[in-house]
Amino acid sequence: MRIQDLSLKVKLGSIFTIALLLNFFGFYVMINFLDEHKHDSHLINLAGSQRMLTMQMVNEAYHVAESNPIYYTQLRATAKKFEKNQEVLIFGNNSSGIHGIKAPNITAHLVEVLHEWQPFSQKLDRLIKSNDPSEKRQIAAEIQQDSFLLLRKVNNVTNQIEQNSEHKVEIIKNIQISIMLVNVFIFLFATWASIHHIIHPITDVIQLMKRVADGDINVKKLTIERSDEVGHLAQSFNQMVSNLKHLVLTGKVQVNFLPPELNNENFEIKSIYKPSEYVSGDFYHYIWDKERNTLYGYLIDIMGHGLDTALHTSHIHVLFEQAAHKHDLSLAEKVKWVNHESIKFLTNETFATGICFEFNFLTSSLKYVSCGINHFIAMTKEQKGMITVEGAFLGIMEAMPFEEYEMPFKSGDYFNFLTDGLLDHLHVDQYQFPSSFQASYEMLVALSNSAIITDDASGLCINIK
């Protein structure tokens, strides 16, 4: 497996685990060093004590030579203590936590001390047992002379212990410096790896995402050469851009399905179509039947904004268009037929709202049926403002009631059929609608372009000539 294919958790975890283990190792070494240093201090103190005991025995030997009885006992105690210390230096003392010296160079010096101590201690015994004053002074002089060599051997032990301790300090210092340098290297490597292999790729994705957010979906796809989280992010980005392109294409197809604005001797139609996203859940259509002199139209609003919504919109659009050619059915019966057929296409989580209308220019009457869009604007002689009409949703249940309503119209009247994206921002009781069709249309266009609109906003504005 390549390193690029390892997850970021594994990569970063490995780096920081190594750093952590190194620090634990340094901590362990330091703890052991402190214990060793404490042990070495005891040994150094013990070896230094041997020098003082040697000089003390020389001093006490002269007092014994002068037949001072107090120093007989002291000399024996000092000699015994010297021997005890020498035993501890060689074999250690478990009760004191002092281990015997194992270093060969120090052990050799301890052996030399023992060689010098044997004749030295024998002369001490002779001194203590002798009753001849002149012999005592002679032995004391020999003891003083021999003490110089014993002191030199004892000093060699002390110096060697100190040198060994200093050598350990130097080793520990070098280990700590090495660990520090390795930690610095790991830190620099982790920083470099994070910048070049994590931050830079993520920054590139962020920059491209900003471009996509600004509307540029023709960005170049990212090259994927790794299988970690950054690689998955790049792959997801490429998939997102691909899906957005499909959404944009679907949105363009939706717009191409919309009918053009129409203006003839009977009426003028202007439209509003503002999707909140790339794909709209709104759709409208109208059919001008010149022979029958009728204008059939509908406005639908499907729940949602994705590709599935676009498909549902197309299904409902086709059904309403097919219903337009069922001339033997009333407008309400056409809507009932559309509801019956739509249940086959709409899922349980999806429903549609709409309003269907038909202008008859022979009888100057408008028929309309609500199927979820319960308001429209009418500016006629009899009706001025928002018209409320009851009607059930499409695709919920097969046996839903749909009622047909009718109102007259004449030249100069206008009607605005709108989806909820616009209707929700028009207060039924408070809003004053312009008497002019053009002014009303411009007002609705301005509303659809305002920041308060967060849903799909569509409308058919029809002016009667």
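Is Glu112 buried, partly exposed or exposed at 29% relative accessibility? Glu112 counts as partly exposed, where buried means under 20% relative accessible area, exposed over 50% and partly exposed in between (1.4 Å probe, protein chains only). The structure is a predicted model, in which local features need pLDDT of at least 70, side-chain atom pairs count only at pLDDT 80 or more, and totals for chains, interfaces and linings use all residues. Residues are numbered from 1 along each chain as its sequence is written, and side-chain values use heavy atoms, with hydrogens and water left out.

**View 1. Salt bridge between Lys153 and Glu112.** The closest N and O atoms of this pair are 3.4 Å apart; a salt bridge is a side-chain nitrogen of Lys or Arg within 4 Å of a carboxyl oxygen of Asp or Glu. The pair links distant parts of the chain, 41 residues apart, with Lys153 in helix α4 and Glu112 in helix α3 (residues 104-129). Helices (H or I, at least four residues) and strands (E, at least two) are DSSP runs, numbered from the N terminus. Lys153 is buried, at a relative accessible area of 18%. The structure holds 9 salt bridges.

**View 2. Salt bridges of Lys334 with Glu358 and of Glu268 with Lys270.** The N to O distance is 4.0 Å for Lys334 and Glu358. For Glu268 and Lys270 the N to O distance is 3.8 Å, and both residues are buried.

**View 3. The largest pocket, with about 590 Å³ of space.** Lys11, His197, Ile198, Pro201 and Arg226 are the closest to the pocket centre of the 25 residues that line it. On a 1 Å grid over the protein atoms alone, a cavity is a set of points where a 1.4 Å probe fits but cannot get out, and a pocket is an open set with protein on both sides within 12 Å along at least five of seven lines; lining residues have an atom within 4 Å of a point. Grid points are joined across faces, edges and corners, and a volume is the space filled by probe spheres set on the points. Helices α1 (8-65), α4 (133-213) and α5 (229-257) each supply at least two lining residues, and the largest share, 10 residues, comes from α4. The lining has 15 nonpolar, 6 polar and 4 charged residues; Ala, Val, Leu, Ile, Met, Phe, Trp, Tyr, Cys and Pro count as nonpolar, Asp, Glu, Lys and Arg as charged, and the others, Gly among them, as polar.

**View 4. The second largest pocket, with about 230 Å³ of space.** Of the 13 residues in its lining, Glu36, Asp40, Leu43, Lys102 and Lys168 are the closest to the centre. Helices α1 and α4 each supply at least two residues of this lining. The largest share, 4 residues, comes from α1. By class, the lining of the second largest pocket divides into 5 nonpolar, 4 polar and 4 charged residues.

**View 5. Arg76 in helix α2 (residues 70-91).** Arg76 is partly exposed, with a relative accessible area of 48%. Arg76 and Leu262 lie 186 residues apart in sequence and 132 Å apart in space, C-alpha to C-alpha.
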